[in-house]
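Visitor: I am new to this structure, and I would like to learn how to read its features one at a time. Could you walk me through it as we look?

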Amino acid sequence: MLERLAPQSPDALLALIKLYGADERPDKIDLGVGVYRTGQGDTPVFGAIKAAERKLVEEQETKAYLGPEGDMGFVNALKPYIFGKDDPTMGGRIQGMQTPGGTGAVRLAVALAQKAGVERLHMGTPSWPNHGQILADIALEVVPFKHASPDGTANVEALLAAIESAGPNDSVLLHACCHNPTGIDYTDEEWDTIAEAIAAKGIFPIIDAAYQGLGQGMEEDAYGLRRVLGAVPEAFVAYSCDKNFGLYRDRVGAFYAMTETPDGLDTVFSNANALARAAWSMPPDHGGAAVRLILRDPSLVENWLDELTQMRERMRKVRGVLADAGMAGSVDLRPLGIQNGLFGMLPVTPEQVKQLREDHAIYMAGSGRINIAGLHMGNIRKFIDAVAAVTG
Ligand code: LMR
């Protein structure tokens with residue numbers, strides 16, 4: 001039986017973690033998987049998380065099951081940060097549930113959309129490779145459009161054309177901020193136009209918000225998501241705390257649905273619970289519980305937001321140095337200065353990516369995506385020189 005299985009290649013991004021680990025060159029640079037790194041190259045646990053974890057050890061009285069929706073204290077405490085402080089439930093029209101990371105939330109969102117009758121999903125490409133893998137796995141048809149323009153800004157026309165071409169059972173997947181892999185976000189004015197176009201066409205939006213706070217700020221990064229939700233009757237949001245709370249391996253995410261009226265939520269969540277139960281039964285508790293403890297304690301909130309600000313500012317500084325360098329060989333580094341979040345894309349060939357890895361110990365995704373946070377003042381010159389050497 002099992003010999004009928006065809007071998008699959010390992011996830012290219014995750015495979016890089018192992019390749020990098022095995023490289024013994026002391027000046028190697030990891031620009032692969034999307035984890036934040038400090039100026040010293042570390043990915044420490046947030047101080048606020050450590051404090052919340054200590055509290056959790058003291059206060060948690062049981063580890064008995066919670067149910068497929070997970071920790072609703074966590075899910076609800078996040079709402080004002082995502083949907084705004086004024087009316088974070090949109091008049092009772094938004095509800096959520098916990099998921100294993102942002103991946104779980106995306107998986108649940110697209111599977112539930114498909115169950116509700118969505119037949120095709122419009123998606124800007126390139127996108128996070130796992131978007132494509134999840135959509136292929138549930139056999140939902142993807143209609144691609146170009147996310148980026150050659151000058152390093154968003155190709156809004158392509159998105160608007162995709163929306164305009166949409167059929168009645170179509171959905172569109174949007175990145176709320178810090179686009180993965182390009183770092184290219186829509187401006188607020190562009191979001192205004194996009195929200196109106198989505199509303200006018202009646203296409204169902206699914207918004208992936210995996211990097212809130214890593215671009216311009218917690219509020220700023222929520223502009224587009226809130227603008228779209230304010231314009232449409234229904235939407236799904238897939239949220240991740242893996243990056244903005246540094247909880248990566250603890251897998252902390254949430255899925256939110258907004259329905260036309262509050263009484264639509266029960267049916268949506270009875271379906272979401274059933275899908276979750278069949279897939280993972282319940283999400284892991286620990287990280288979500290730690291986030292809940294932070295969000296209920298104003299001094300921990302302050303610590304968390306300070307740490308997030310430091311991360312954001314460090315990445316802006318790295319982006320500034322790259323942009324100031326101008327050209328590195330044939331690669332124009334200037335657009336990186338106006339892009340957001342952990343990622344940016346270099347216009348390099350797979351062969352040049354290989355050369356950077358083999359000749360210069362610089363590790364990045366085969367697509368040319370770099371993790372900006374893998375750079376710091378101690379290695380950025382080496383990186384720019386290496387890009388110049390392989391593309392010059
Ligand atoms: C990334 O794109 O590097 C992250 O989102 C990690 C992942 O799961 O792929």
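Visitor: Leaving aside its neighbours within four places in sequence, which residues is Trp304 in contact with?

Guide: Please keep in mind that this is a predicted model. Once the neighbours within four places in sequence are set aside, Trp304 is in contact with Phe46, Ala48, Tyr81, Met218, Asn244, Phe245, Ile294 and Leu295.

Visitor: Which residues have the most contacts inside the largest nonpolar core?

Guide: As a general idea, nonpolar side chains in soluble globular proteins tend to be buried together. In this structure the largest nonpolar core has 99 residues, and Trp304 and Phe383 are those with the most contacts inside it. The largest share of this core, eight residues, is supplied by helix H11, which covers residues 298-325. Both domain 1 (10-45 + 310-391) and domain 2 (65-296) contribute to this core, with at least three residues drawn from each. There is also a second, separate core of 27 residues, and Leu108, Val110, Phe204 and Phe255 are included in it.

Visitor: How should I read the two domains, and how many residues does each bring to the contact?

Guide: The domain assignment divides the chain into domain 1 (10-45 + 310-391) and domain 2 (65-296), and the centres of the two, taken over C-alpha atoms, are separated by 27 Å. Their contact takes 19 residues from domain 1 and 22 residues from domain 2.

Visitor: At what angle do helix H12 and helix H13 pack?

Guide: Helix H12 (residues 350-360) and helix H13 (residues 380-391) pack at an angle of about 125°, and their axes lie 10 Å apart. An angle between 115 and 145 degrees is neither roughly perpendicular nor roughly antiparallel, and H12 and H13 are therefore oblique to each other. From H12 the contact is made by Gln352, Gln355, Leu356 and His360, while H13 brings Lys382, Ala386, Val387, Ala389, Val390 and Thr391. The crossing of H12 and H13 is right-handed.

Visitor: Does Ile163 count as buried or exposed?

Guide: A residue counts as buried when its relative accessible area is under 20%, so Ile163, at 2% relative accessibility, counts as buried. Ile163 is found in helix H6, which spans residues 156-165. Not counting residues up to four places away in sequence, Ile163 touches Ile194, Ala197, Ile198, Lys201 and Ile203.

Visitor: What separation is there between the C-alpha atoms of Ile163 and Phe204?

Guide: Ile163 and Phe204 are 41 residues apart along the chain, and 9.9 Å separates their C-alpha atoms. Phe204 is also one of the residues included in the second core.

Key: Residues numbered from 1 in each chain as written. Predicted model: local features only at pLDDT ≥ 70, side-chain atom pairs only at ≥ 80, totals over all residues. Heavy atoms only, no water. Core = buried A, V, L, I, M, F, W, Y, C linked by side-chain atoms within 4.5 Å. Buried < 20%, exposed > 50% of the residue type's maximum accessible area, 1.4 Å probe, protein only. Helix = DSSP H or I, 4+ residues; strand = E, 2+ residues; numbered from the N terminus. Domains from an automatic or database assignment. Contact = heavy atoms within 4.5 Å. Axes fitted to C-alpha atoms, helices over the stretch in contact; angles between N-to-C directions. Parallel < 35°, antiparallel > 145°, perpendicular 65-115°, else oblique. Left-handed = near helix turned anticlockwise from the far one by under 90°.
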